[in-house]
Amino acid sequence: MHLIRTKAPPFASLLSRLRRDRSGLALIEFAYAMPAVMGMGMYGIETANLAQTHLRVSQIALMLADNASRAGADAAGGTIQQLREIDINDVMQGVRLQGARIDLANNGRVTLSSLETNSSGGQWIHWQRCLGMKRGVGWDSSFGTAGTGSTGTGFAGMGRAGAEVKAPAGEAVIFVEVNYQYKPLFGTWLIGAPRIQYTASYLVRDKRDLSVNNGAGIDDPTPSVGSAKMTCDKYTA
């Protein structure tokens, strides 16, 4: 007796071959894993960029406080220094240059303050100068405006509550606050768009004439800076 072999139906033969075929397995696995891998990679890049931006902003705050604490021209035979508007403009230009890569001037606000002691021995903000286009709550000074604490002893100083910076009697402390709007690389869906804030302070290095220019604290000799004074009522880049 002879057995007669019958051919498998074409569809069944195709399924059999597909079960044995492993040539596209890696490609399929990669296709499944790619969204997760890309997501983790983008998140890693974004967080690294955010950390680098934090470092940049903190370094700008430190640099400005340090430079402004050293600036000034010798007066009275070199025994005292007078801070000038041109000195302020110069140190602010340094902020523009250092912050150019993150466009700090357009996406942030920098406040430079002189914290001193008033006639009652309390703390007060003698003057302020500003740079940056951002305005409103959270962008302008968080710790008081020029003239705050001019009388009495109720003003505790500048900085976080309970850890305020205070100026010694007869001296000045340069206090800097930098606020910056972070610009995400891949949109706000990963980590949002946080506002970065850093502060820094330095005691003025030399003996500074705090009453120069009829008590203004900053001199404006000839040639005058005039309308280019970087007062905090202006929002400029």
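Hi everyone, let's start with overall shape: a compact globule of 237 residues would have a radius of gyration near 18 Å, but this chain has 31 Å. That radius is taken over C-alpha atoms, and the globule rule is 2.2 Å times the number of residues to the power 0.38. The C-alpha trace spans about 130 × 40 × 30 Å along its principal axes.

A word on the source: this is a predicted model, where local features need pLDDT of at least 70 and side-chain atom pairs count only at pLDDT 80 or more, while totals for chains, interfaces and linings use all residues. Residues are numbered from 1 along each chain as its sequence is written, and side-chain values use heavy atoms, leaving out hydrogens and water.

Now the elements. The chain has 5 helices and 6 strands, running α-α-β-β-α-α-β-β-β-β-α from the N terminus. These are DSSP runs numbered from the N terminus: helices are H or I with at least four residues, strands are E with at least two.

How much of the chain is buried? Of its 237 residues, 36% count as buried, meaning under 20% relative accessible area, with exposed over 50% and partly exposed in between (1.4 Å probe, protein chains only). As for contacts (heavy atoms within 4.5 Å), among those between residues at least 6 apart in sequence, 70% join residues at least 24 apart.

Let's go inside. In general, nonpolar side chains tend to be buried together in soluble globular proteins. Here, the largest nonpolar core has 31 residues, and Leu64, Leu104, Leu112, Ile174 and Val176 touch the most other members. A core is a set of buried Ala, Val, Leu, Ile, Met, Phe, Trp, Tyr and Cys residues joined through side-chain atoms within 4.5 Å. Which helix gives the most to this core? Helix 2 does, with 7 residues. Leaving aside residues up to four places away in sequence, Ile174 touches several residues, including Ala65, Leu112, Trp127 and Tyr202. There is also a second, separate core of 8 residues, among them Leu115, Ile125, Phe143 and Phe175.

Is Thr111 buried or exposed? Thr111 is buried, because its relative accessible area is 3%. Its contacts, again not counting residues up to four places away in sequence, include Gln128, Cys130, Phe175 and Cys232.

Last, charges: there are 24 positive and 19 negative side chains, and the centres of the two sets lie 19 Å apart. Lys and Arg count as positive, Asp and Glu as negative, with His and the chain ends not counted; each charge is placed at NZ of Lys, CZ of Arg, CG of Asp or CD of Glu.
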